[in-house]
Structures are given as structure tokens and as C-alpha cells.
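Here are my notes, as promised. Have the structure open while you go through the points.

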Amino acid sequence: MKKEDKTLLIEKIGETLKEYSCVYLVQSQGLNAEKTSALRRACFQDGIKMLCVKNTLLKKAFEASELDYSELYGLLHGETTLLLSNVGNAPAKMLKKFRDKKETLPMLKGAFVEESVYVGEEMLDTLAAIKSKNELIADVVALLQSPAKNVISALNSGATKLHGILETLSNKE
């Protein structure tokens, strides 16, 4: 491959990395064509971009990036598949759902999620448990609505009592 072609590929990978806040490095070596196709389909359905890239080109794209991916450099060996997403837990959930109970592939090498680095297969459960931005917003809204709902329901249930008390007080005068 010509040097100009490599430079263009590195730039293209770098531009793609800028579009996503979460980068997962996965080892998919050992998957047959049918399972690889199913993995691509699962990624597409969940809005995850899947790229198979050469480790040296990916490392150079990481180095050229504004973000610090240096902790992931040691994971760039063997076959590496990139899973890119803007939702932190989407690739982890997809990987857990995709695997059979007896199968361990594709295997998580590491992840860069919202400027935090997770290394190793054992971090998959942790990554899947991370709440996405939308889930956190929904939790905050639910917490804010709860006290207001309680006050409104108390006022509604006590409205007849309150009306009766006010009427009694006005008749006393």
C-alpha cells in the first residue's frame, strides 16, 4: 500500500473517531462468516458503527487525535475490530446480547467511554451497567416529578376536607 493511501486511511479513521464519544476494541478472530455477518447486523440495528482496521493505522489515528487514547495502545495486537457509538453502554449491551452462553467471542479488549478507559473482558459487565445520558436524564426527571405528584395528590384527596373546614370557619364568624 502506498504511503499516500495510508495517510488518507489514517485521516479517514481519525475523522470517524471524532464523530463518536465511545470506542470499543473487540477481538472477533475466530468468528465464522455467518457469525461475523450477524455481528454486523446487530451493530447496525443498535446504531453502532463497526470497523475492521489494521492496528498500526489505528494507532497512528489515535496518536493524531485530540483525545488521549494512549492506554489502549497495548491492546492493539492480533485482530482488532472497532465498535463506535455515542451511547456509552450500547456496544457492551449488544456484545452481551450477541454472545451465546457457551461462546466468548467477540471478546472485549478494551474501551474508551466518555474519556474513561476500561481494559479487559471482565469490564464488560461494568460497561453494560453504565447508564446512558438519556437514562440519567429520565431518572432526574422522575425524581423531580415525584414530590410534585405527592403534593398534588394530597391536595386533591384533601380538597373536600379543606373545603369543609373553610366553610365551617366562615360560618363561625
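Predicted model: local features only at pLDDT ≥ 70, side-chain atom pairs only at ≥ 80, totals over all residues.

1. Residues are numbered from 1 along each chain, and side-chain values use heavy atoms, without hydrogens and water.

2. Two aromatic pairs turn up in a search of the whole structure. Rings of Phe, Tyr and Trp (its six-membered ring) pair if their centres lie within 6.5 Å; planes under 30 degrees apart are stacked, over 60 edge-to-face, and the rest tilted. F62 and Y69 are stacked, because their ring centres sit 4.4 Å apart with the planes at 25 degrees. Both of these residues are buried.

3. Y69 also pairs with F112, this time tilted, at 4.6 Å centre to centre and 55 degrees between the planes. This pair links distant parts of the chain, 43 residues apart: Y69 is in the loop between helix 3 and strand 3, and F112 is in strand 4 (residues 107-113). Helices (H or I, at least four residues) and strands (E, at least two) are DSSP runs, numbered from the N terminus.

4. Are Y69 and F112 buried or exposed? Both are buried. Together with F62, they form one aromatic cluster.

5. Elsewhere, L169 belongs to helix 7 (residues 159-172). L169 has a relative accessible area of 47%, so it counts as partly exposed. K60, in helix 3 (residues 55-64), is partly exposed as well, at 47% relative accessibility.

Definitions and conventions:
Buried < 20%, exposed > 50% of the residue type's maximum accessible area, 1.4 Å probe, protein only.
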